[in-house]
Amino acid sequence: MAECHPVGFQWVMEAKARGAKIIHIDPRYTRTSALAHRHVPVRAGSDIAFLGALINYVLDNEKDFREYVLAYTNAAAILREDFRDTEDLDGLFSGFDPERRHYETDSWAYEDAGAGIKPKLDETLTHPRCVYQVVKRHFARYTPELVQDVCGVPPALFHEVAESITANSGRERTTAWVYSVGWTQHTVGVQYIRTASILQALLGNIGRPGGGILALRGHASIQGSTDIPTLFNLLPGYLPMPAAHRHPDLDSFVAAAEGRAGFWGNTRSYVVSLLKAYWGAHAQAGNDFRFDHLPRVTGDHGTYTTVMNQISGECKGYFLVGENPAIGSANGKLQRLGLANLDWLVVRDLQMIESATFWRNGPEIESGELRTEEIGTEVFFLPAAAHTEKDGCFTNTQRLLQWHHKAVEPPGDARSDLWFYYHLGRIIREKLAGGHDPRDLPIKELTWNYPTEGAIAEPSAESVLAEINGSGPDGPLSAYTELADDGSTACGCWIYCGVHAGGHNHAANRRPGSAQSWVAPGWAWAWPANRRILYNRASADPDGKPWSERKRCVWWDADRGEWTGEDVPDFEPGKPPDYRPPEGARAQEALSGIDPFIMQSDGKAWLFAPAGLVDGPLPAHYEPFESPVDNPLYRAQVNPARQTYEHPANRYNDERYPFVFTTYRLTEHHTAGGMSRTLPVLSELQPEFFCEVSPELAAERGLEHGGWATIVSARAAIEARVLVTSRVKPLRVRGKTVHQIGIPYHWGRNGLSTGDSANDLLSVVLDPNVHIQEAKAATCDIRPGRRVHG
């Protein structure tokens with residue numbers, strides 16, 4: 001966090017100054033480690049074993065926050081008789097189809113209930129099929145000895161971590177976990193975060209000040225780009241994309257997406273309001289609010305499937321906006337082969353990045369695998385405006401929408417993304433205006449009337465924010481609870497509703513911290529409803545009283561008959577703790593006054609996930625797809641539901657690649673390097689591509705500090721300067737020494753500081769839930785000297 005998120009890390013240092021203990025768990029000793037109280041070196045790809053052992057420690061020693069667990073988690077829910085765990089099936093859950101590498105998840109449900117129905121409960125937590133007992137059995141083999149064997153962490157160090165987090169959790173204290181791509185970029189990345197959430201729920205650290213699980217995003221608005229998504233399978237506000245053949249109309253779509261209980265029970269209002277924002281007066285009840293205008297998904301349309309479609313010739317054109325996949329995505333060669341097989345490519349960026357020049361100076365041109373004169377891709381490079389050169393909004397890791405005002409005009413022909421898409425849409429609509437083809441209607445009927453200003457006709461960014469916020473008969477909406485399903489409201493993203501309440505841009509609020517409470521509601525605006533801590537009803541006990549005065553957040557005021565507190569309550573203001581839903585209640589009214597997790601169908605934190613995941617209702621330790629050791633827990637070596645791609649340029653490693661490598665970022669460079677390797681000062685600070693190796697590995701392979709090394713995988717051979725350092729320690733794992741190599745991934749062939757790309761080493765193998773690549777744990781070989789050139 002100090003290395004990659006230094007501005008946010010100042011608050012960790014503030015916490016440390018106030019007495020907080022900081023523990024850094026990472027394969028490498030970094031700037032964060034240097035400022036932490038304890039660094040725990042761990043083998044890349046083994047975190048579920050470590051976290052699972054912490055869960056086992058909590059349960060085995062009865063250190064869970066029992067009142068919280070009973071009231072606010074699904075620990076008491078009883079599972080179906082036909083559910084089988086990995087402990088029963090040697091690494092598989094019930095319902096697995098080995099031919100399709102796919103789980104049928106029916107057996108994961110609660111007994112006699114679907115995922116949206118209140119389950120049978122055993123509040124003594126003794127029933128052998130209650131979630132508490134199932135979780136306890138599942139993690140029983142995750143012991144300190146296993147952690148030493150799998151992760152390379154000695155039992156004494158593990159016990160120190162376990163004691164620290166449990167001593168700092170409960171009524172009076174809370175512990176927070178912070179993660180970034182080191183947890184997400186694995187074939188079990190979603191389950192990494194699930195394991196942490198189970199641990200935090202057991203300890204009562206969710207929905208309370210100082211607790212939670214904080215995801216550090218890699219850019220200023222990565223959170224925003226999933227809220228109003230660049231993801232193929234989501235609509236704004238995490239609504240699912242309709243599926244071809246399964247959702248022929250609005251009713252079938254809502255029936256599949258809408259939960260009976262919780263705020264997802266209002267899905268129709270969210271969807272209809274979105275359709276009204278898209279198609280305005282054209283969206284009416286009589287035409288299903290133009291639901292047919294929405295695209296449909298037919299399967300996996302993720303970035304890596306798209307690359308395979310480029311190579312096969314199915315995808316012929318591509319827009320690259322703020323992305324540099326030629327060096328920034330896993331298996332750069334696969335990316336470049338795809339780009340080289342397009343008819344046309346549009347690149348919008350601040351610099352002439354490698355994805356725009358692959359045809360001229362890519363590695364495959366040097367090696368002769370591709371020839372410039374044989375590449376038919378027509379590349380259009382359009383200069384983009386930087387964030388300082390345009391108005392707009394960032395949504396950060398705290399769900400905080402922060403407005404930025406244009407400081408300077410963009411140079412030359414550089415234009416904002418908003419300008420580009422607005423005028424592209426305007427021109428397309430003009431070209432379609434005189435036609436009568438029904439397939440053109442979704443574009444012709446779009447609301448596309450944003451005000452523009454200046455010589456270049458720059459659209460108003462605030463008008464877009466106002467459209468996202470939404471409006472009704474009386475003007476701008478103030479909260480998502482005002483959305484209706486009858487077409488009377490329009491809203492571009494239901495979770496953002498309220499950011500422009502009263503016609504005021506609340507994302508631009510800048511009240512100083514000294515002038516407000518510690519929650520800081522006057523600084524920018526957090527979705528939803530300017531709420532700073534999600535599920536904060538859990539900060540109070542079932543009677544509505546704070547678990548702890550020193551950790552109070554919201555509470556029930558019986559005299560006033562409403563929830564009040566430091567933060568905006570994450571609950572209907574007038575719902576008392578003793579409210580119990582009547583028969584047939586739905587949406588939020590189907591949740592009782594003691595159900596704080598209002599987006600869940602049962603209002604509880606899920607220790608066991610009866611729905612929503614494709615690779616298991618509980619996390620299990622599987623080895624990375626490429627690993628030098630076996631899995632001691634199960635016969636299933638790797639995630640059974642992993643997503644792989646068979647292609648000659650995407651070969652997978654075998655035992656000839658004995659070392660682990662992990663990729664990472666540097667403070668001085670930014671992601672694929674297009675924004676930093678072109679700057680003299682940053683290029684001076686980190687002038688050359690390098691790899692980190694331990695003194696022991698250097699001695700074993702004859703590597704010299706400051707010299708050259710060639711790093712090899714089945715996909716590529718790259719060269720890097722050698723940094724011999726004790727910051728990357730060899731670990732004793734499964735009875736043998738496992739060496740780890742650290743490789744920053746910022747380099748490419750353009751700019752002032754150039755070098756090979758670390759991501760060329762990676763294969764494409766994905767987490768099946770979110771289709772993210774395994775980039776933080778893979779294998780390689782390393783040899784002294786430079787790679788072959790030419």
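The chain exposes about 32,600 Å² of accessible area, of which carbon and sulfur atoms supply 53%, the areas coming from the Shrake-Rupley method with a 1.4 Å probe. The model is a predicted one, in which local features need pLDDT of at least 70 and side-chain atom pairs count only at pLDDT 80 or more, whereas totals for chains, interfaces and linings use all residues. Residues are numbered from 1 along each chain as its sequence is written, and side-chain values use heavy atoms, with hydrogens and water left out.

The secondary structure comes to 23 helices and 30 strands, these being DSSP runs (H or I of at least four residues for helices, E of at least two for strands) numbered from the N terminus. The radius of gyration of the chain is 27 Å, close to the 28 Å that the globule rule gives for 790 residues, so the chain is as compact as a globular protein of that length; the radius is taken over C-alpha atoms, and the rule is 2.2 Å times the number of residues to the power 0.38.

Of the 790 residues, 55% count as buried, that is, under 20% relative accessible area with a 1.4 Å probe, protein chains only. The largest nonpolar core holds 126 residues, among which Phe-50, Leu-54, Tyr-142, Val-153 and Phe-158 touch the most other members; such a core is a set of buried Ala, Val, Leu, Ile, Met, Phe, Trp, Tyr and Cys residues joined through side-chain atoms within 4.5 Å. Helix 3 (residues 47-60) contributes the largest share of this core, ten residues. A second, separate core of 38 residues includes Ala-698, Ala-709, Trp-747 and Leu-766.

Definitions and conventions
Buried < 20%, exposed > 50% of the residue type's maximum accessible area, 1.4 Å probe, protein only.
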